[in-house]
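Good morning, everyone, and thank you for making time for this.

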Amino acid sequence: MFFVISGYLITGIIASEVKAGSFSFAQFYERRVRRLLPALYAMVALTAIPSLHYLLTSERQEFFRSAAAVATFTSNFFFWFQSGYFDHAAVEKPLLHTWSLAVEEQFYLALPIMLWALLRSFRSSRLALPVFLFLLTLASFALCIWLMKTDRSATAFFMSPPRAWEFMIGGLVAMPGLPVLRHALAQQIAKMIALVLLAIPIFALRAGPGFPGFDALTPCIGAAIFIWSGIGVPTLARRWYSPLGVARFFGQISYSLYLWHWPLFTFARFSKNGLVLDSGDKIALFALTVAISYLSWRFVEQPFRDRRLAPTRRAAFGVAGIATIVLLIGSAGGMILSLGVSNSDRAAARLESYSDYDFRSLYRYGTCFATASGRVDDACLVPAPGKANILLWGDSYAAHYLHGLGETIDRQAENILQAAQPACMPSFDAAAQGTAFCRELATQVGAFLRGQQPDRVVISADWVEYARPPRFDGMIADLRRTIAKLNGLGIPVVLLGPGVQFRTQLPSMLVRAHLRQVEARADDFLLPDIFALDETMKAALPKGERFSYVSVLDAVCPARQCPLTIDDGIPLSWDYGHLTAEGSVYVVGKIAPLLGLKK
């Protein structure tokens, strides 16, 4: 949405100034320098102070590297290199939000040159600019969709070319030939349509790798329609406490609000035992963010924009250059100082290493889990003659039991088959599968079971995610159909209930507890919803001879006291719920009798 607004404003300014013969690259970039850099650099410099207290050595190094990326307008590249399906702790990166500002700054570098050249070359043509923007929009959107379809959603998200179409949609709204809504009723209808389109992502989109792509199209069109509905409407004087007066206030401080909200919330999370903020925390932080953002707008943004500070263009560029050099030198100094290792860092290093935990061999990554096509290798579904064949089917929360099963079963008597894909619920219902590779897996499993009959199917998944309101009833109905179909084939089914899940990354919470010298308590760390969901699923699923529900939580967490570490301090999970190798062995050891496994 914000890219659309930026595209509308900048395209309109450049087009009108070029047409009037008053456009100047120096003037354009001076305005950008005055608008963006002072508040940005102030935020980065002040954010460095709490980083010295709250961040580990490696995290401080990453912080100062990201600060250097901010100063060179490349933070989208910096965070792109760190992205991945199991990328950990986005909320632990204080400058993560600056990726979007880097994309915007890159847009400001490219668009003025293109528009100036086009408008100078086709001065007599009114269609040249809108046609150019339209074609550029189509090309950028096509690139974005292609990247999404080829499993490169991180590239589509962080890089400028596949996000340019969002700016271009705003630029198309700024075209002089676009009809203006003159009737008040038409303007109100357009605003309502825009608000509906903007609200759809809030209620309909799931967290995951589906954005931007088609998921971004609805809010961008909504933003464009909202802007269009207000073109030509006179701005009326409003009292500061009126709804439009409040909206105007937040519009004034919006840039500083954008800059400060993320680092404030990030460091506030570090001060909590469970690294999770409650409602009261969020309300207080919002008020603090608004207050700091107002001060930033009033005493940092405004003096530079109204030329009380750096009154000339030369002074503005000079101050920006010096500030950039100082920020880069400070970032380099911070990285050098972070090379040393403190006692706290040494004690936390073991836990911190789980941030880069290599789970691939444990899950049979790329063969029986997370394959590009969705279909697992045929070798993953080969029954062993003379043994009890057990099919493990589900998503990553099924795959993380594989290592424990392999270490627990009697290999002379039992054989584990595996069919798992990230974010794919074990279901035969195509409508329940959100992506093409999930449907491929469901089709493959269905075909396998029609030709083979394993002795047992064990299904497990991230039930917390699939049961989020209002999807619980649909999930249960789908599971009932899947269980009935398997039982109809004569196959017994075991469903593993929700596993131990945490509010955020368990190793990170343990590290923060160590650094703050507080006791690591399960009550502070556990996701509270898991116990209620376990009981609800247990009651909602069928009771039968060929189906059994295994409560992992009852087996692992007596009296709801779940272990945080095992075997001399090894975390149970390497993230917020996926088990470590030792954790997998521990949990499977607890539930093995309930699965009927031979040990």
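Predicted model: local features only at pLDDT ≥ 70, side-chain atom pairs only at ≥ 80, totals over all residues.

Let me begin with a crossing: helix H6 passes helix H8 in a left-handed way, where left-handed says that the near helix is turned anticlockwise from the far one by less than a right angle, and right-handed that it is turned clockwise. Residues are numbered from 1 along each chain as its sequence is written, and side-chain values use heavy atoms, with hydrogens and water left out.

Helices here are DSSP runs of H or I with at least four residues, and strands are runs of E with at least two, numbered from the N terminus. The axes of H6 (residues 128-149) and H8 (residues 164-173) come within 8 Å and cross at roughly 155°; axes are lines fitted to C-alpha atoms, for helices over the stretch in contact, and angles run from 0 to 180 degrees between N-to-C directions. H6 and H8 are therefore roughly antiparallel, the word for angles over 145 degrees. Their contact, meaning heavy atoms within 4.5 Å, includes Leu133, Phe134 and Phe141 of H6 and Trp165, Met168 and Ile169 of H8. By class, this contact has 11 nonpolar, 3 polar and no charged residues, with Ala, Val, Leu, Ile, Met, Phe, Trp, Tyr, Cys and Pro counted as nonpolar, Asp, Glu, Lys and Arg as charged, and the others, Gly among them, as polar.

A second pair is H2 (residues 25-54) with H3 (residues 57-71), packed at an angle of about 175° with axes 10 Å apart, and so H2 and H3 are also roughly antiparallel to each other. Among the residues in contact are Tyr41 and Leu52 of H2 and Phe63 and Phe64 of H3, and the contact divides into 11 nonpolar, 2 polar and 2 charged residues.

How many cavities of 30 Å³ or more are there? The count is 2, a cavity being a set of points on a 1 Å grid over the protein atoms alone where a 1.4 Å probe fits but cannot get out, with lining residues having an atom within 4 Å of a point.

Terms used:
1 Å grid on protein atoms, 1.4 Å probe; cavity = no way out; pocket = protein on both sides within 12 Å on 5 of 7 lines; lining within 4 Å. Points joined across faces, edges and corners; volume = space filled by probe spheres on them. Parallel < 35°, antiparallel > 145°, perpendicular 65-115°, else oblique.
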